[in-house]
Amino acid sequence: MAPSGRGVQLIPVSSSAAAAEAAIGIRDSDFGAMEEVRLLDAYDDGTTGDLSRVEEGGGSGGVRRIQVRVTGMTCAACSNSVEGALRSVNGVLSASVALLQNRADVVFDPDLVKEEDIKEAIEDAGFEAEILSEPNTTGTKAQATTLVGQFTIGGMTCAACVNSVEGILRDLPGVKRAVVALATSLGEVEYDPAITSKDDIVNAIEDAGFEASLVQSSQQDQIVLSVNGIFSEFDAQILEGILTRLSGVRQFCLDRISGELEMVFDPEVVSSRSLVDGIEGGSNGKFKLRVMNPYERLNSKDTGEAASMFRLFNTSLSLSIPLFFIKVVCPHIPMLDSLLVWRCGPFMMGDWLKWALVSIIQFVVGKRFYVAAGRALRNGSTNMDVLVALGTSASYFYSVAALLYGAVTGFWSPTYFETSAMLITFVLLGKYLEALAKGKTSDAIKKLVKLAPATAILLVNGKGGKAVGEREIDALLIQPGDTLKVLPGTKIPSDGVVTWGTSYINESMVTGESVPVSKEVDSPVIGGTMNMHGVLHIKATKVGSDAVLSQIINLVETAQMSKAPIQKFADYVASIFVPIVITLALFTLLGWLIGGAIGAYPEEWLPENGTYFVFSLMFAISVVVIACPCALGLATPTAVMVATGVGASNGVLIKGGDALERAQKVKYVIFDKTGTLTQGKATVTTAKVFSEMDRGEFLTLVASAEASSEHPLAKAIVEYARHFHFFDESETDKKDSRVSGWLLETSGFSALRLRYTHSVEWGCCCLSIGERFILGLTGNNLFVSIKVGNRKLMTENGIAIPDHIENFVVELEEGAKTGILVGYDSKLVGVIGVADPLKREAAVVVEGLLKMGVRPIMVTGDNWRTAMAVAKEVGIEEVRAEVMPAGKADVIHSLQRDGNTVAMVGDGINDSPALAAADVGMAIGAGTDIAVEAADYVLMRNNLEDVITAIDLSRKTFSRIRLNYVFAMAYNVVAIPVAAGAFYPALRVQLPPWAAGACMALSSVSVVCSSLFLRRYKKPRLTTVLEITVE
């Protein structure tokens, strides 16, 4: 866990530690190597900042922020008093006081208030104040406009807690955006560091009654290291001395207890790896450093929360077991019973024991409920802690009152100490089980994090760029441009390009593609994938947050942080739930009490020595403790969290709960043709000559015209002609095919797009139908003009199309091929047929969608005959042809007018307007380009089966969410009347408060476990897709 700043020393780089340096003989030469460090270029300007965040004039509109040392505070009441005094000063925008650090953080308008006024306000409140000077930040770069910080938030139990935290964060000055996720216990806050610091955010969350700490931020010049070797204060001084001498280090924050070192440095001066090398080298190996992975720290936080709950539960259980024996077992053992009924003072020994044991449970173990409830009420909100504190307090204080009343009057009413103890025990058990279950919902991210190897083998290059050695480094210290060695059976440590060697890489853990992919020189590789066979040397290209694996983790995390629209219902119910329950409990108490007073039920129903008030109070307590808002709050986020993780493991990246909710309502799926339904690999299937020209001469002329184009169709034609002339040419000669001498020289080339024509839809306008290629070819002093295009191009240039050639082109188009006409001077001499094979799964996926009640539509820029032929082959009935890319969005809008939910499946590049216009955009075949902004779903494989998977997963997820809501609502609808005694007159069914507490604790656990069933999701295969039926 990142140091919170409490009990931590903040050292500016300008401080001196000469004595420590002298102790180990640090010399200037030890740091001479720092001058040769390579500058980093992977960091954006303006993302740096110091840890203390003391800004002068940094805010817009003249807003300033200072820190003040406050002396004399002893408790929270003191810090509240200081905060109140500061906030009452005209011109102070915000003020937060940290009791343990004895500091106040104040944001104010310098036009209205001065520093001295702030100091005087604190002194008038009875404390001493000192304005802290700004730390030395000479040479730092400008701050970014905003930073995005991710915080762990402990203690949230329901949607009401989430709403409370979000509201508090959004009210902080400088906070632009705040999103809190209950299932992950994470909050993401976008804030202006010139106005609000991370400490302000942490303090605001903690003041609201929750625990908080920073996990990571968008600052890219900050690093957290775990330091081994600090055993004394002297060791800490040695480390501080080394850090103050390192060039580029601005500030550092050392937690001497945990051994965590947080540093802010200038990436343009020193790299993170050079920092680690400098510290380890400067200490002569005394200190060993390891980069702290933020997700590793987050996991330790989750584990710590579950462990804390388990300790509290064990303590409460160990104290509750004696109470159970005293209540149930001891009365049947004469010797023990006589000891318990022995009077000691005003009470019996058994009463003393129960009072003592329950007091420990109530106020020591159960302290967390009082603290959380008190702070929630202070902030004007209510949550489950309020209900638990109210129910247990009613039981405990009634029992104490009954004892005291008996001692005074001699009338001994029954006590219910064990009810309070068992309530707290069962609630803690439920919270422990809930923490374990919630931890399993984030297994997907944990597995993704574990894909990255811990270390990498760095090849050390000498002069001339040749490798002269190798060393093992922390994988988090890899820099762009590093050459890394990857052994067989090990993971690729970073995204990069192969520079030496060949092998097969298993990329299934990242892309979902099960077949190993062959890699050779210049092949891209993805960090976290497994090298199967040969040794590889790779050059790192993307590291840190730019890496594919990091982007996937970030995308999944962002999706889990988002709220599905259906969750708004739970948030609303949670905001009014607790007041309604307390009102129902009061009505229950008054109803039974008044009913007894007027004789509505017989006295035989009362417990032994009981009164109407006691009888009524037990029903009211049961109502309070059995009602649970937690289950409602967990119903949606836990299911979304599991679903996004399951999707990521299957190569389907979901960008949020809202996208997941829309996808389950999809009625139309629009497919692009080229590269989506087809393989996107154009091949020439036919070359027909309609003149006396030799076939080889014909292909040479056309290939010479296309050699200057980079369009896939042009490449397919050139490749076909090359194979015709040099069918025995090896693959290694392909790169030299254009300069092999068989192509004719070109003296002029032009491509003119006709504004009224339609492209063939190959993603490029070089050889689209309706374009004109006029080429002068010189060979044997002969000048000719070649025109390649469609019918309109030929007609415009005065080239007639004979009927037999027209019939041939029509036949090609009806066979799902594209006919390309070739004109030689003023005569049509031939036709080339180009086909793009359909994907093998296309027809089955289309049929599967129809079975699911989803109508597939193909929208393409190709001609109508070709489009209809392709649609017929895959089974699509509705086709829109000759549609330009911009027109696809219009098609989508026309389908949306009737309220239909429309999904668009495209390549994410040419289809960006359509993807953005659709309710659900699916970018297929994204591979490593997962940051497709316009898409809601990113299908990493180029496989149409994932379209089925995306829709099927969303439907199953929301079926599970609805089931969760049924569980949560039905539980409360049934449980509250039972607890209130609605069935007692007829069935004599009474739910004791301790049993009500057990039910309440298990309700949220049952909802989380219900969501965890989604982990068993298996995506439909081609053999089972056709078995899908409409629900």
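# A tour of a predicted model

Select D522, which lies in the loop between β21 and β22 (524–525). Helices (H or I, at least four residues) and strands (E, at least two) are DSSP runs here, numbered from the N terminus. The structure is a predicted model, in which local features need pLDDT of at least 70 and side-chain atom pairs count only at pLDDT 80 or more, while totals for chains, interfaces and linings use all residues. Residues are numbered from 1 along each chain as its sequence is written, and side-chain values use heavy atoms, with hydrogens and water left out.

D522 is not a glycine, yet its phi is positive, about 75 degrees. Most residues other than glycine have a negative phi. Is D522 buried or exposed? D522 is exposed, at a relative accessible area of 60%. Exposed means over 50%, buried means under 20%, and partly exposed is in between (1.4 Å probe, protein chains only).

Next select E520, placed in the loop between β21 and β22. E520 counts as partly exposed, with 49% relative accessibility. Which residues does E520 touch, not counting those up to four places away in sequence? They are V498, G501 and T502; contact means heavy atoms within 4.5 Å.

Colour β21, β20 and β23. These 3 strands form an open sheet in the order β21-β20-β23, and the pairing is antiparallel. Two strands pair if DSSP finds at least two bridges between them. The edges are β21 (517–519) and β23 (530–531), each of which pairs on one side only. Strand β20 (residues 503–506) is joined to β23 by 2 bridges in the antiparallel sense. To see a bridge, select I505 and its partner N531 in β23.

Move to helix α4 (residues 159–171) and helix α17 (residues 567–597). Their axes come within 8 Å and cross at roughly 90 degrees. Therefore α4 is roughly perpendicular to α17. Axes are lines fitted to C-alpha atoms, for helices over the stretch in contact, and angles run from 0 to 180 degrees between N-to-C directions. Angles under 35 degrees count as roughly parallel, over 145 as roughly antiparallel, 65 to 115 as roughly perpendicular and the rest as oblique.

Show the side chains where the two helices meet: A159, A160 and N163 from α4, and A570, D571 and A574 from α17. The residues of this contact of α4 with α17 are 4 nonpolar, 1 polar and 1 charged. Ala, Val, Leu, Ile, Met, Phe, Trp, Tyr, Cys and Pro count as nonpolar, Asp, Glu, Lys and Arg as charged, and the others, Gly among them, as polar.

## Two helices side by side

For another pair, select helix α26 (residues 842–851) and helix α30 (residues 945–979). Here the axes come within 9 Å and cross at roughly 20 degrees. The two helices, α26 and α30, are therefore roughly parallel to each other. V845, G848 and L849 of α26 make the contact with E945, I948 and I951 of α30. The residues in the contact of α26 with α30 divide into 4 nonpolar, 1 polar and 1 charged.

## Helix α27 and its cover

Now select helix α27 (residues 864–874), where T866, A867, A869, V870, A871 and V874 are buried. What covers these buried residues of α27? The cover includes α21 (673–677), α25 (803–814), β31 (818–824), α26, β33 (855–859) and β34 (878–880). After α27 comes G875, with a positive phi near 95 degrees.

## Two single residues

Select S393 in helix α12 (residues 384–409). S393 is buried, with a relative accessible area of 12%. Apart from neighbours within four places in sequence, S393 is in contact with Q362, Y370 and Y398.

Then go to N284, in the loop between α7 (272–282) and β13 (288–291). N284 has a positive phi, near 55 degrees, and is a residue other than glycine. With a relative accessible area of 62%, N284 is exposed.

## The whole protein

Zoom out to end the tour. The protein has 32 helices and 37 strands. Of its 1031 residues, 56% are buried. Among contacts between residues at least 6 apart in sequence, 72% join residues at least 24 apart. The protein exposes about 43,200 Å², of which carbon and sulfur atoms supply 57%. Accessible areas come from the Shrake-Rupley method with a 1.4 Å probe; for residues, only the protein chains shown count as cover.
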